[in-house]
Amino acid sequence: MAESKLRQLLHNLDAELQKTPGLDEKQRQQIASIRQEVEAVLAEMGSPTQSKDRIGEAVGLFETSHPKLTLILEQVIDTLAGMGF
C-alpha cells in the first residue's frame, strides 16, 4: 500500500512540476535527483535514510517559493517514514 502511495506521489510531483513556473535548472535537477532516489527506494536499492534527508533539505528550499511542491515532498517523507525508513 505504501508503495502505491509513493508511486502516486511521484505522479503528483511530476504533474505539479509541469504546472510550476519559475523553477531554475538547479531546482529542477534537485527534484529529478530526489525522484530518482525515491524510485531507487521503490526498487529496494539505495539508502532510504539518505533519501529522506535530501528530501527534507529540498523542503526547506522550496517551502516559501513553491508550497505545492513542498506539500508533495512532505507526503513522500511521511510515506517513507510509514514504511519504516
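Predicted model: local features only at pLDDT ≥ 70, side-chain atom pairs only at ≥ 80, totals over all residues.
**Exercise 1. Packing of α1 against α2**

Determine how α1 and α2 are oriented to each other, and which residues make the contact.

Solution. 
- Step 1: The axes of α1 and α2 are 11 Å apart, and the packing angle is about 165 degrees.
- Step 2: Angles over 145 degrees count as roughly antiparallel, so α1 and α2 are roughly antiparallel to each other.
- Step 3: α1 and α2 make a left-handed crossing.
- Step 4: On the α1 side the contact is formed by E3, L6, R7, L10, L13, D14 and L17, and on the α2 side by R28, I31, R35, V38, E39 and L42.

**Exercise 2. Packing of α1 against α4**

Determine how α1 and α4 are oriented, and whether E16 is buried or exposed.

Solution. 
- Step 1: The axes of α1 and α4 come within 10 Å and cross at roughly 165 degrees.
- Step 2: This makes α1 roughly antiparallel to α4.
- Step 3: The crossing of α1 past α4 is left-handed.
- Step 4: Residues of α1 that meet α4 include A2, K5, L9 and E16, and those of α4 that meet α1 include K68, L69, I72 and V76.
- Step 5: E16 lies in helix α1 and, leaving out residues up to four places away in sequence, touches K68, L69 and I72.
- Step 6: Buried means under 20% relative accessible area; E16 has 13% relative accessibility, so E16 counts as buried.

**Exercise 3. The surroundings of T70**

Decide whether T70 is buried or exposed, and find which backbone oxygen its side chain reaches.

Solution. 
- Step 1: T70 belongs to helix α4.
- Step 2: The relative accessibility of T70 is 4%, so T70 counts as buried.
- Step 3: Apart from residues up to four places away in sequence, T70 touches V59, F62 and E63.
- Step 4: The T70 side chain reaches the backbone oxygen of F62 at 3.0 Å.

Terms used. Residues numbered from 1 in each chain as written. Heavy atoms only, no water. Helix = DSSP H or I, 4+ residues; strand = E, 2+ residues; numbered from the N terminus. Buried < 20%, exposed > 50% of the residue type's maximum accessible area, 1.4 Å probe, protein only. Polar contact = N/O pair within 3.5 Å; in protein donor to acceptor, adjacent residues only side chain to side chain. Contact = heavy atoms within 4.5 Å. Axes fitted to C-alpha atoms, helices over the stretch in contact; angles between N-to-C directions. Parallel < 35°, antiparallel > 145°, perpendicular 65-115°, else oblique. Left-handed = near helix turned anticlockwise from the far one by under 90°.
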